[in-house]
Structure formats: C-alpha cells, structure tokens
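Thanks for coming, everyone. I have one structure to walk through today. Let me put it on the screen.

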Amino acid sequence: MKKIMLLVAVMLMPLTLFAGKMNIVCSDPNIADIMKNIAGDKANVESLMNGMQDPHSVEPRPSMVVKVRNADLMVVIGMDLDMWANSIIEASKNSHVMKGGDGYLDISKKIPVIEIPQGKVDASIGDVHIYGNPHYHMDPNNGKIIAKEILDKLSEKDPDNADYYKANYDAFIEKLDKGIAKWSEELKPFKGVKIAATHDCWDYFINYCGFDVSGYIESKPAIPPSPGDIERLIKKMKEDGTKIILVDQFYDMSAPEKVAKETGAKIVLISMAVGGLKGTDTYMDLFNYDVDTVVNALK
Amino acid sequence: MKKTILFALLLCLFSTVIFAEESQPASAGTAGATALPDISLVGNILGGIAQQPDGPYGVIPNADRLSLGTSEVEAVIAGYIYPQASVSTVLSFDSSGVNIEEAFVNFLSVLNSFSLKVGKMKVEFGKINILHSHVWPYTDAPLVIQNFFGDSLTGEGASLGYILPLPVFVKSETGVYDAVDTNDEFVLNQEMFTERLSASFALNDISELELGASGVLTKGPYGLGSNDIFGNSEELQIGQDDVRMAGADLTLKIWTGTYSKFMLQSEAIYLKRDIAGTIEQNPSDIGSLGEEKAVSLDRWGSYAYAGYSFNKYFDLGARYDWAENADIQINKLSKISAMVTERLTEGTFFREEYGYVPEEKSNEVMLQMVFGIGPHTHPLQ
C-alpha cells in the first residue's frame, strides 16, 4: 500500500517542484525575447517556434508538450495566429497554463488591433484572421504594450520579485524608446513613400514606417497570386513609381522576383521574427536590421 | 426520426452561425466575444477506377468504371463546457445514413497530471486509428487496418491519459470500452481494454522521432456468418472469441525548410484470435462427424509510408502494405501505392493515388477531394 501511495505521489508531482526558476514558454520568439528582457535571471524562457517558421504553419510536436507540461507560464500571441499551440497546451494536462488558468497569458488583449474584418468572413476573401491582423509585434510601439502585459503577469505570478521585474521593464522601455526615436528619425525622409509587400502581415510595420502600400503579392491573404494578380500589381507599381518590395524571410521568391524584374523595384528581404535572419537575435536587433535594410534600399 | 432530428439540429446551428457573424460587432484582439462552439464541416469526396469488383477494398463506389461519389461528410461541433473540459462531437453522413462517429467529453487536466475522455471515441491504438481519414497522407486505410479493424477501432467508454514525469515526452493512454462494431471482426457491446504507450524524441531542432506500442484485449465473433475452411456452415456465435492485438509504430519527421518536410511512418500489428468452441475439421462421409478442434488464428500485417511535402501546396508519397486477413481462411496480400496531393489550403486538397496488388495483378486509381469549412483543429498527432 505504501509503495502504491509513493508511486501516485511521484506521478502527481510536477517536475517544476525541483526548479528554482520559473519556467516560461512563449509561442513566438519575439514575445520570448521581450520576456527574457523583463524576467531576467528569474526564469527559464523558451519559444516553441523559431524565427524561420511561419506562425501560420507550425506543426505541433510532442516534444513541445514536455516544455508546456513543465511550464509555470504560457504566453501566446492570440487572435488565432498560434492556434496550433492549443493542441500542445491541451495535451500537456497542465491546468495552470490552460486558457483561464493562472499561468496563461494572451498578449493581444490590450493591443490596438488593425484590420478587424467586418461582415461575413470566409475563405472567399482568403485566409483572413477574424479577430484582426495578429502580427502586432511588428510595430515597436506595441512592443511597449507587450512588455507591460508581461510585467503585470510576472508581478502577479511572482510578487516577491516584482521590483526586479519593474526595474528590468523600465530598462527595456528606455532601450526601446531610444530605438523608436532613432528609427523614426531614419524613416522620416521616407514618409508616404509607396512600397509593395508580400502580404498584409507587414501592415503594422508599414504603418509604423509611414509608408503607403501600392499592393501585395498576395491579393488575398495566403492565396498564391494568379498571373492576373501579378500583372495588376506590376501595373500599379509602375503607376506609383514603387521602388521596393518587402519580402519575409521564408517567402517563396518566384513571384517577388518576377514583379521586381518587370518593375525595376528592389526586393528587400527582412525578418518578421527574432532569429529569422542573421543579425536579428533580439527584438531590438530585429528592428535595427529591418529599418536599416529598408532605409538603405530607399536611399 | 433520429436523422430528421439531427438534420434539424444542424440546420439550426448553421443558421445561428450565419446570423451571429453578420451581427457581431468589431472588437479588439481576442477580446471579441462569441458564445458559439467551433462548428466545421469536412467533406471527403472519393472515386476512381479499379480492376477488382469491390474496388478492391471498398473505397471506390463503382469499380468497373470511373466514378466519383461523396463518400462522407463530417460535421464537427466542439467547445468548452467547463474550464478545462471540452466536448467534441463528430457526426458523419454517408450512404448508410447519419452516424455519431465520436461524441466525448475531454477533461483536459485531472489532478494536474491526467486527462480523461468519456464517451464514444476512436480508440488510441497504433498511430493512425485515432486520426480521421481526411488527415491521412493517403486515401485508403492501410490493408492491415482494413483487415483487422474495418473502418476504425471505436469504443464507448473512457480513456485515461498520463504524461510520465520524464524529460522526454512519454505518454500512456489506458482505455476501457464497449467495442463498437464497424465490421464483422469485432462485435457490439463486448468489453475492450486498450493501452498505448508513446514516446517522442526531438533528435535536433529539425527532426522528431515518435515510437509507440499498443495493445487491445476484446472479443470477436466466430465464423463470420459464413463457411469454415472446409466449407461447413457454422452459426455465428456472438462475442465468444478471445481477441488480442499488439502493435508497434514509428514516425520520423524531418523539417527541411519552413514549409517542406520528409515523413517516414510505419506500423506493424499482430492479431491473435482464439475461436470459441471448436470447428469441425475433416468431415468424411455425409452424416459422420469430423474431428472437433479448437482453432487459434495468428495474423500479422504492416505498412510503411514515406512522403515529402515540397511546400504548402504539394506532397508526394508512397506506401507499401502487407497484411494477412483476420478470417479463418488465411489470405495474404500486399499493395504498393503512390500518391500526389495538391493543397488549396490546409483543409482543402486534391489527391490522386495509384495502387497495385501484385497477388491479384490488379490496378486501381483513386481520386479524392477533401474540403473543410470552419475552425476544425485536430488533437496533437
């Protein structure tokens, strides 16, 4: 009987009991980097996906379940961008990190979302996110909102270290504000410039940079462009004098190359995620790289 | 009457979805409110042409000529009924009528360590039994699955899941059910006990190896309502055979790029059936009795699949099957299949599959279209 009770106790004991630090799992590397800045050495922080993965197409892996199984906090982008994470969270059997649990954080709740669709949403308009454009981390101003949500959650989960997190948060915000000022200065001469992009995932970044969009390679989100779509985009870009096409790090180059060849525009390869390209190892590096690359292309 | 009620219920639900979407106000982030469950429809249109009268394995509606037919439509209604408790209901509509394919409550976290599913569900045995056919990378079920399970191994009961407290993913799923008859091999309302142990290892950042072992104890019929191996007709005796199955499976996935992936998957299943009572063995003269003898069947089957996804839209695959049947009269068949899949979206695709059965020298070409509407997400595969 004693042996059975001991076995049951071991089965019910989470591995985190033996860890001194909090275990935090984020669905996205951008969120994970901001988390690392604020959590500091009080937490082990991991991202389920890496910067070279398309967040729309991540295939859940059983090995991810172990990370979430042992997590004290699970942070998601929300807005159905990382729906794939739901199956991992449910498979983990960790009630704390399930939706509604004290260890679940959906960062999107306080974000000023753009492009919230109206009316009936179905596949006739492409793969549209019904809650709005979820790629909000590509506006560094939203990085401040993300950081605040993280600070509030960490302080709630670990009040003994609230001051430590606040100090880290303040340092991160100061760093980010300096970055925003620098990038805004670099982008100022190019306000209103017409650009093209692969798809509307870039719209937060485009709005932040102050550009105007001539058009997208994908006229409907996640639908491969038809020859007619390409022709229409080429025509519009020529009319607007569009000089650059923003392309994400994992996008198929065949359509952008065709458009670039016909219009004389430059393909500007930038990253949507930390770790997506060399030199984008942190959230700050990501915007340093992307803004510098775009500005240099426009000069 | 049941069909009428079910159709009316679905009509009401779909109507609610339409009106709800038109009146839903704009909202920020996931804070937008909706009280509806996730409702989705998945259609599986199958057809083709084959040299064998039955297709040869039943998926082609009229095998003697090229034909297409809507094989099955699934309506999936899923949602939370309580914090950490969800319901998943799968209704399937096919030529035989409406069927509750699955309807279970999933308690996602019990004592923060276990999960509990209660209701009617596909049993966790092997790698693909729990998956709905529209997510398979091929059109028809492997021979061993068709021979040993029929459509799928389904039960009404409960299943307890547990992830072992180890640094790698190791999961145990233990089930107690009444087996649901899907073909002549297993019988209604007989107890079925199942166990599956699965482990997954991230070999590196871009590859993962999954290993599984499964077992089933249940009952089956004797005689299949037809003749024994000597042509003697025997009455069907329900639920008397002792049936035991054991399976081992392996899945290797290597992600070669953002959208490209190689997958190797293989399962081997062993079936042992101790036929209840005895079968008349060598009848000689008319009116005389032959020697009565107990019969025990040992049957094997396996398959191996290899496939490559070049990008979001195009997959190539090939599968080799080898299986004995589960009948008293043993039959062994193999099959070589090759398939091409073109995807419009994650849930909608076209597939062409060629199959060749060397023992019968028969060819078949299968055509499949699967369409999906709605937010039908799958459990971790």
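At what angle do helix H2 and helix H5 of chain A pack, and how far apart are their axes? Keep in mind that this is a predicted model. H2, residues 29-39 of chain A, packs against H5, residues 140-157 of chain A, at about 55°. The axes are 10 Å apart. Angles of 65 to 115 degrees would count as roughly perpendicular, and those under 35 as roughly parallel. H2(A) and H5(A) are therefore oblique to each other. Their crossing is right-handed.

Who makes the contact? From H2(A) come Ile31(A), Ile34(A), Met35(A), Ile38(A) and Ala39(A). On the H5(A) side they meet Gly143(A), Ile146(A), Ala147(A), Ile150(A), Leu151(A) and Leu154(A). By class, that contact has 10 nonpolar residues, one polar and no charged.

Next, strand S3 of chain A, residues 73-76. Which way do its side chains point? Leu73(A) and Val75(A) go one way, Met74(A) and Val76(A) the other. All four are buried. In a regular strand, side chains alternate between the two faces of the sheet.

S3(A) has pairing partners. Strand S1 of chain A, residues 22-26, runs parallel to S3(A), joined by three bridges. There, Ile24(A) has Leu73(A) as its bridge partner. Strand S4 of chain A, residues 104-106, also pairs with S3(A) in the parallel sense, over three bridges.

Now to an open sheet in chain A. What is its strand order? The four strands run S6-S5-S7-S8, and the pairing is parallel. S6(A), 212-216, and S8(A), 266-269, are the edge strands, each pairing on one side only. Neighbouring strands of this sheet are turned by 35° against each other on average, direction ignored.

Zoom in on S5(A), residues 194-197. Four bridges join S5(A) to S6(A), and the two run parallel. Ile195(A) stands opposite Val213(A) of S6(A).

A helix covers part of this sheet's strands. Helix H10 of chain A, residues 283-298, lies across S7(A), 244-247, and S8(A). H10(A) runs at about 170° to S8(A).

Last, chain B. How many helices and strands does chain B have? Two helices and 18 strands. The chain has 381 residues, and 35% of them count as buried. Take the contacts in chain B between residues at least 6 apart in sequence: 53% join residues at least 24 apart.

That's my tour. Over to you.

Methods
Residues are numbered from 1 along each chain as its sequence is written. Chains are lettered from A and ligands numbered from 1 in the order in which they are written. This is a predicted model: local features need pLDDT of at least 70, side-chain atom pairs count only at pLDDT 80 or more; totals for chains, interfaces and linings use all residues. A residue is buried if 20 or more other C-beta atoms lie within 10 Å of its own, exposed if 12 or fewer, and partly exposed in between; C-beta atoms are placed from the backbone. Two residues are in contact if their C-beta atoms, placed from the backbone, lie within 7 Å. Two strands pair if DSSP finds at least two bridges between them. Axes are lines fitted to C-alpha atoms, for helices over the stretch in contact, and angles run from 0 to 180 degrees between N-to-C directions. Angles under 35 degrees count as roughly parallel, over 145 as roughly antiparallel, 65 to 115 as roughly perpendicular and the rest as oblique. A crossing is left-handed if the near helix is turned anticlockwise from the far one by less than a right angle, and right-handed if clockwise. Ala, Val, Leu, Ile, Met, Phe, Trp, Tyr, Cys and Pro count as nonpolar, Asp, Glu, Lys and Arg as charged, and the others, Gly among them, as polar.
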